[in-house]
Amino acid sequence: MILELDCGNSFIKWRVLGSGGVGACAEGVAGSDVALIESLVALPGLSLTRCRLVSVRAQEETSRLAEALVEAFGVAVSCAASAREMAGVRNGYEDFERLGLDRWLAMLGGFKLASGACLVLDFGTAATADFIAADGEHLGGFICPGMPLMRNQLRTHTRRIRYDDAAAERALERLSPGRTTVEAVERGCTLMLRGFVLTQLEQARSYWGDDFTVFLTGGDADLVRNAVPQARLVPDLVFVGLAMACPLS
Ligand SMILES: Nc1ncnc2c1ncn2[C@@H]1O[C@H](COP(=O)(O)OP(=O)(O)OP(=O)(O)O)[C@@H](O)[C@H]1O
Ligand SMILES: CC(C)(CO)[C@@H](O)C(=O)NCCC(=O)O
Ligand SMILES: [K+]
């Protein structure tokens with residue numbers, strides 16, 4: 001069994017691939033290293049042979065997690081690393097090592113699935129967009145605050161914006177102008193994300209006409225889904241790229 005981890009800024013997304021190969025036999029989202037290991041230990045019949053991970057966290061934090069995994073499960077851990085070029089995609093950053101590894105892997109996965117020009121949109125702690133041309137050249141991308149950051153900035157820097165998660169979820173059943181604070185904030189931030197998406201689409205059309213694939217990924221991809229009906233929602237796009245960047249032979 002192979003353990004795969006996507007260590008984002010807020011959560012660790014994990015899944016265990018069975019020896020048969022197709023599909024995950026377990027998966028989840030953990031808020032910390034300790035919570036991750038607890039969830040894994042609780043899995044009946046877990047017998048890990050390998051582990052591969054991608055992290056956008058600090059080097060020391062990532063090493064600490066890798067060591068904890070070695071200690072808990074005795075597995076070798078392989079970490080995705082930056083590259084100038086891989087699987088036909090050329091990293092477009094001036095300094096290729098500065099490009100977030102989650103973005104890089106999602107790009108590798110997207111380009112493989114599209115076999116052509118693609119726009120990769122990821123909605124996590126940050127919202128990101130990356131443009132990959134049909135010849136594999138990465139034209140660059142954009143980074144904005146994602147839903148959790150927008151919402152928390154408003155909560156932190158105002159006195160009268162306060163509400164709980166359940167109210168936030170209810171508020172998103174519609175996107176008409178809010179008549180309560182929670183509706184106004186949740187719908188307003190959602191429309192910001194949708195506006196971001198529409199602007200990226202315009203830019204992609206100016207490069208490639210209609211000849212490109214849009215990918216949506218990340219925990220908040222559902223919030224913008226209706227704005228791009230033609231998009232492919234691929235929640236595990238980073239994992240698709242992770243398998244390409246860390247093949248386990
Ligand atoms: N099962 C889930 N567990 C945790 N968050 C979820 C889940 N489903 C949707 N979300 C939402 O996804 C968002 C977090 O996105 P995601 O997990 O893709 O990224 P992240 O780890 O926070 O950050 P990064 O962008 O660095 O990967 C949060 O706003 C959260 O509300
Ligand atoms: C932008 C995030 C936070 C998205 O998870 C991550 O990819 C990251 O930390 N990137 C480094 C900065 C960059 O990509 O330019
Ligand atoms: K991410």
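This is a predicted model: local features need pLDDT of at least 70, side-chain atom pairs count only at pLDDT 80 or more; totals for chains, interfaces and linings use all residues.
A salt bridge joins Arg15 to Asp236, with 3.0 Å between the closest N and O atoms.

The domain assignment places residues 2-79 in domain 1, while domain 2 is made up of two segments, 86-146 and 187-237. Polar contact, for its part, links 2 residue pairs across the domains, with both residues at pLDDT 80 or more. On the side of domain 1 that touches domain 2, the residues divide by class into 2 nonpolar, 3 polar and 1 charged.

The centres of the two domains, taken over C-alpha atoms, lie 25 Å apart. Domain 1 contributes 6 residues to the contact and domain 2 contributes 5. Together the domains bury about 440 Å² between them, and carbon and sulfur atoms account for 59% of this area.

The ligand forms the second topic. Ligand 1 is surrounded by 14 residues, the closest being Asn9, Lys13, Thr125, Gly219 and Asp220. Thr125 places a polar side-chain atom 2.6 Å from an oxygen atom of ligand 1. Asp220 likewise has a polar side-chain atom 2.6 Å from an oxygen atom of the ligand, whereas Gly219 approaches through a polar backbone atom, 2.8 Å from a ligand oxygen. On its own, ligand 1 has 630 Å² of accessible area, of which the protein covers 71%.

Methods
Residues are numbered from 1 along each chain as its sequence is written. Chains are lettered from A and ligands numbered from 1 in the order in which they are written. Side-chain values use heavy atoms; hydrogens and water are left out. Domain bounds come from an automatic or database domain assignment. Contact means heavy atoms within 4.5 Å. Buried area is the accessible area (1.4 Å probe) that two parts lose on being put together, summed over both. A salt bridge is a side-chain nitrogen of Lys or Arg within 4 Å of a carboxyl oxygen of Asp or Glu. A polar contact is a pair of N or O atoms within 3.5 Å; within protein, one must be able to donate a hydrogen and the other to accept it, and residues adjacent in sequence count only if both atoms are side-chain atoms. Ala, Val, Leu, Ile, Met, Phe, Trp, Tyr, Cys and Pro count as nonpolar, Asp, Glu, Lys and Arg as charged, and the others, Gly among them, as polar. A residue is near a molecule or strand if one of its heavy atoms lies within 4 Å of it. Accessible areas come from the Shrake-Rupley method with a 1.4 Å probe; for residues, only the protein chains shown count as cover.
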